Amino acid sequence: MTRYQALAVTTVGATLVLIAIGAVVRTTGSGLGCPDWPLCHGQLIPPAERTAIIEFTHRTAAAIVGLLIVATAAVALLRHRGDTTVRNLAVAAVVLLAVQAWLGKETVERELPPEIVTAHLGTALTLLAVLSVLTVFAFFGEGRRRVESRERASFVRLAAITAAILLVILLGGSYVVGSNSTTACTTWPGCLQAPIPFVDGVLEQHIHWAHRLSTLVGFGAVGLLALTGTTLRGPHAERLGMASMTLLALYGLQMLVGAANIWTTFSDVVRASHLALGAAIWALAVLIVVAAAYQPGEATQEAEASPSMGGGREPARA
């Protein structure tokens, strides 16, 4: 693994950790632990209060991850100046980082409106996707090529649709929290407060039911992707099949964690784990889409097959 590849992997991992910390902020009600921005209660060091410390930890982690993102983008631009796609992704990562910081500021100053909170998560997930694609390209090299086959094109299309469905489910879950609909149903799989979806109950129960039912759509999509992945042929088909099955396993676990929210009477730890695992599932789905669409350049494949050989930087010819 080169230094650039290690940096890209570290940045993706750190971004996932940051999203997990953000989930802790939300589930513990610490979003306004520091009611001003960028200071905390008008000072650099937060007061010794639980919510302030949690929110300040999130901001500190965001600053560190921001530096990693800028570093990854800078190295990508320096090492791959001739690669238009990588160059655009690197610029997009920096722009998304700036937008994310602004949304974080707006979230605090507007006192956590659900629309801004959802947009904040949506930007974070988009940024995570961009970083994940950059990581794949870091390993595939400049000589990467599209996999040209009808079977692979169909799989890529299915993977992209699945990823889009997962993103909608994640954002829907964020809106459930932001609209105070998390505790609208206190039983699972049924809902004591609204037994018949969208007929019984009030708006909060409808929002809660919409999220639950959307997860079934996601399960169907992920299940179909995993089934298709097991029959896939072509470049790194076995790895894609394993990744698709892993996605299915993680999604099943995610559904159990969602149920555990209710079984544990909405434990902070379980609720934070629910969002963190959801972000990891989204990142894996994006990785599957990109890895299915491309194959490594010839120089990269030769270097993997024979570690003693130097990984040439000349782009491979199709």
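Modeller: Let's start with handedness: a crossing is left-handed if the near helix is turned anticlockwise from the far one by less than a right angle, and right-handed if clockwise. By that rule, helix 3 passes helix 4 in a left-handed crossing, while helix 4 passes helix 5 in a right-handed one. Before you ask, this is a predicted model, where local features need pLDDT of at least 70, side-chain atom pairs count only at pLDDT 80 or more, and totals for chains, interfaces and linings use all residues. Residues are numbered from 1 along each chain as its sequence is written, and side-chain values use heavy atoms, with hydrogens and water left out.

Biologist: What makes helix 3 and helix 4 roughly antiparallel?

Modeller: Their axes come within 9 Å and cross at roughly 160°. Angles run from 0 to 180 degrees between N-to-C directions, with axes fitted as lines to C-alpha atoms, for helices over the stretch in contact. Under 35 degrees counts as roughly parallel, over 145 as roughly antiparallel, 65 to 115 as roughly perpendicular and the rest as oblique. So helix 3 and helix 4 get the antiparallel label.

Biologist: And why is helix 4 called roughly antiparallel to helix 5?

Modeller: Helix 4 and helix 5 (residues 150–178) pack at about 150°, with axes 9 Å apart. That angle makes helix 4 roughly antiparallel to helix 5 as well.

Biologist: How do you know that the length of helix 3 agrees with what it should span?

Modeller: The expected span is 1.5 Å times one less than the number of residues. For the 26 residues of helix 3 (residues 84–109) that gives 38 Å, and the end C-alpha atoms are 38 Å apart, so the two agree.

Biologist: Why is T28 called buried, and A71 partly exposed?

Modeller: Buried means under 20% relative accessible area, exposed over 50%, partly exposed in between (1.4 Å probe, protein chains only). T28 has 14%, so T28 is buried; A71, at 29%, therefore counts as partly exposed. A71 is found in helix 2, whereas T28 sits in the loop between helix 1 (3–27) and helix 2.

Biologist: What is T28 in contact with, leaving aside its neighbours within four places in sequence?

Modeller: R50, I54 and D268, where contact means heavy atoms within 4.5 Å.

Technical notes: Helices (H or I, at least four residues) and strands (E, at least two) are DSSP runs, numbered from the N terminus.
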